[in-house]
Amino acid sequence: MIEHVENPILEIHDLTVSYDRKPVLWDIDLTLPEGKLIGIVGPNGAGKSTLIKAIMNLIPSNSGYVKLFDEHLEKVRNRISYVPQKESVDWDFPASSLDVVLMGRYGQLGLLKKPRKADKEVAMDCLRKVGMDAFAKRQISQLSGGQQQRVFLARALAQQADLYFMDEPFAGVDAATEKTIIDLLRSMSQQGKTVIVVHHDLQSVTRYFDWVLLLNLRLIASGPVESTFTQELLQETYGGKLTLLSEVSNLMRKEGFPHRELRKGKSS
């Protein structure tokens, strides 16, 4: 079930990506609505991070095209923010929390211009929003994993973008940080921002997102959470590998989602 939307913020047609001639994403075709909190869900190796990187043109694609705001990426890059996985960042880089957040202002400034007072005020406000203003001068290498993730999120906020891509922002953070992040993402969405999140915890999908993509090399489903996050489609996405299905089934029953008997998935 793939729901197509009119006037999409993101449009992908026939996108295929492969590494060493092995397809990682196959023939992806989708449109996504503006102003929603959108989760990308699927098993390990399903191509979730690859999808975001291909959209951002960080890796080459074999075929297909991507449009954002009905334009090619290069024309609208300043309206888009990308938060990569925490593991891909060099946290030993000598920079304070404030320095890192100010990096989010370079899109507005141009690389060679110095941040103005107004930029520093925006950066401090973003640190405040994630509860990290007291750590503005602290070196990022001295922060805990959850604190680093908050600073990274503040940097994305400082870009003042319209469309945000976040690759597993909840990975390895404590419960308080997770709550701070999801509250912030919700308020961004309420302000008309679109936030697209690679997410691995199936049990929080129904609480966190308005819209969900189910991905496993190909796009299994895309649509509103209430009609798309079903046991049938989860079974198709995860096959026999989904050990969490019984827990998700209990969650759906508790929250009043439609209950369908699971088909037995083929082991792979």
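Start at Asn7, in the segment before strand β1 (10-19). Strands here are DSSP runs of E with at least two residues, helices are runs of H or I with at least four residues, and both are numbered from the N terminus. This is a predicted model: local features need pLDDT of at least 70, side-chain atom pairs count only at pLDDT 80 or more, and totals for chains, interfaces and linings use all residues. Residues are numbered from 1 along each chain as its sequence is written, and side-chain values use heavy atoms, with hydrogens and water left out.

**Stop 1: Asn7**

Keep Asn7 selected. Its phi is positive, about 50°, although Asn7 is not a glycine. Most residues other than glycine have a negative phi. Is Asn7 buried or exposed? Asn7 counts as exposed, at 70% relative accessibility. Exposed means over 50% relative accessible area, buried means under 20%, and partly exposed lies in between (1.4 Å probe, protein chains only).

**Stop 2: Asn57**

Select Asn57 next. Look in the loop between α1 (48-55) and β4 (63-68). Asn57 is not a glycine, yet it has a positive phi of about 60°. Asn57 is exposed, with a relative accessible area of 52%.

**Stop 3: Arg105**

Move to the loop between α3 (97-103) and α4 (106-109), where Arg105 is found. Arg105 is buried, with a relative accessible area of 5%. Which residues does Arg105 touch, not counting residues up to four places away in sequence? Show Arg116, Asp119, Val122, Ala158 and Gln160. Contact means heavy atoms within 4.5 Å.

**Stop 4: helix α10**

Select residues 231-238. This is helix α10, and the helix is mostly covered: six of its eight residues are buried. Colour Gln231, Leu233, Leu234, Gln235, Thr237 and Tyr238 to see the buried residues.

**Last stop: the whole chain**

Zoom out and show everything. The chain has 11 helices and nine strands. Of its 268 residues, 51% are buried. Among contacts with a separation of 6 or more, 68% come from residues 24 or more positions apart. The accessible surface of the chain comes to about 13400 Å². Carbon and sulfur atoms hold 48% of that area. Accessible areas come from the Shrake-Rupley method with a 1.4 Å probe; for residues, only the protein chains shown count as cover.
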